[in-house]
Structure formats: structure tokens, C-alpha cells
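Hi everyone, thanks for coming. Have a look at the screen, and I'll walk you through this one.

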Amino acid sequence: MQMSISTELAQSFDERYAGTPGWDIPGPQSAIVRLAEAGLLSGPILDAGCGTGENTLFCASRGLAVLGFDFSAVAIAKAVRKAEERKSPARFLVYDACRLPVPGEQQFSTAIDTGLFHVFSDNARVKFVNGLRQSLKIGGIYYMLCFSELEPGDWGPRRISQKEIRSSFSGGWAVISIDESHFDTVERPEPVKAWLASVRRES
Ligand SMILES: C[S@@+](CC[C@H](N)C(=O)[O-])C[C@H]1O[C@@H](n2cnc3c(N)ncnc32)[C@H](O)[C@@H]1O
């Protein structure tokens, strides 16, 4: 039986999540904590490619309505277990980011993404951006943390330039800011260079 690219990719992430992948830190990314502390996260929130759910659970712990989804069933099973252990109201779903919007869900005020956008092929990126736009209310904000081209070497995911971010979000969106930021990981002692993009749905 021939598998679709997404299914093969989801299986490869499932395999990574059988252990602890390098990006799967035991708490929220500090970039997300800073956004919350600045009062920039408003619910309902969609956490796209939420992995084992730390950012989603963090948002829920601040009283925000939040749905985390990921196409890795193994990651979502871990996230659901954490939510039960922490008695968190966070919701989780196995879903493909290239098939947004999620059927039956309301539009979101905010979307967050730490490490999903830089996984996409060029084609998947276009599908995701179109579906994401439909998933957000007009005026809703997408906060995206991705590997930047300033990170040296060729380990890890593809690097993303500011120009690529601006061209992905050119129709119906306004790029508010793209700031230097970083990923915290369990595999590197030093922070990994990232862009934190804030993009608003305009129409
Ligand atoms: C680098 S990990 C980041 C996970 C999480 N956001 C975090 O910060 O720990 C990228 C995540 O994107 C998920 N992913 C990749 N492509 C996806 C797709 N098409 N739909 C849903 N999730 C996807 C992977 O399963 C993985 O959990």
C-alpha cells in the first residue's frame, strides 16, 4: 500500500517521539512564556504542531482556552497523558496542519507554532498558510518560532529567512514583526537561533 507523504512523515515523527526528541523540552519555550507575560496571547488559541503539548499546557495554565494538534499520534498520546496528570483543561487532537481548518472548531484569536513551519516543504507551506488564515478570526495573530538562517551548520531542520516569511504571508496577512529569538532544546546547551514572527490576518 502506498502511503501519502504526510503519513510517512507522521510515522517518522512517531518514531522520534518513541524517545525524547531534541526539541521536546520539559516546559514551554521561553519565547512563548515572554509572549504570555507581555499579555499578547488571547484565547481561544490554536497550537499548531504542538508535539507533546508543553506550550498548550502552559497556555491552559494561564486560563486560556487552547487546542493543540499534531499529526503524530504518539506525541498527542503523551500530551493527553500530561493533561490528565496535571488536571489541565487543554484539548488535544491528532490532525494534519495541511488540512486546516479543523472541522467543527470555532475560529481562533491566536495561533502559536514553535518548530512546525520550518518542517514544511514549499508546497505544504502554501497549504498550511491558506488553512491557517481560515482558522483565525480577522485580526487574529499567528506567532511563529522557526529556525533562522543565522543558525550555523546544517544540523536540524531547514533554515528560514525573513524574506521567505514575508513572501509566505503576503496575501491577506500583515507581517507585524520578525524578531531575533531562540529555541531552547535538550540537545544543545546553547540557544538555537530563531525568528519569532508575528503575523496578523487582515482579510
Ligand atoms: C520540531 S517539532 C515541535 C513540536 C512542539 N511545537 C514543540 O515545540 O515541542 C515539530 C512538530 O510538528 C509536527 N508536524 C510536522 N508536520 C506536521 C503536519 N503536517 N501536521 C501536524 N503536525 C506536524 C511534528 O509531529 C512535530 O511534533
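Let's start with a word we need: a residue is near a molecule or strand if one of its heavy atoms lies within 4 Å of it. Around the ligand there are 18 residues, and Tyr17, Gly49, Asp70, Ala97 and Thr114 come nearest. Keep in mind that this is a predicted model, where local features need pLDDT of at least 70, side-chain atom pairs count only at pLDDT 80 or more, and totals for chains, interfaces and linings use all residues. Residues are numbered from 1 along each chain as its sequence is written, and side-chain values use heavy atoms, with hydrogens and water left out.

Now the polar contacts, meaning pairs of N or O atoms within 3.5 Å. A ligand oxygen sits 2.5 Å from a side-chain N or O atom of tyrosine 17. For aspartate 96, a side-chain N or O atom is 3.0 Å from a ligand nitrogen. Alanine 97 uses its backbone instead: an N or O atom there is 2.8 Å from a nitrogen of the ligand.

Okay, on to the sheet. Strands are DSSP runs (E, at least two residues), numbered from the N terminus, and two of them pair if DSSP finds at least two bridges between them. Here 7 strands make an open, mixed sheet, in the order S3-S2-S1-S4-S5-S7-S6. Which strands stand at the edges? They're S3 (91–94) and S6 (173–183), each with a single partner strand, so one side of each has no neighbour in the sheet. S6 pairs with S7 (residues 192–201) in the antiparallel sense over 10 bridges. Glutamate 180, for example, has tryptophan 195 in S7 as its bridge partner.

Note on methods:
Helix = DSSP H or I, 4+ residues; strand = E, 2+ residues; numbered from the N terminus. Polar contact = N/O pair within 3.5 Å; in protein donor to acceptor, adjacent residues only side chain to side chain.
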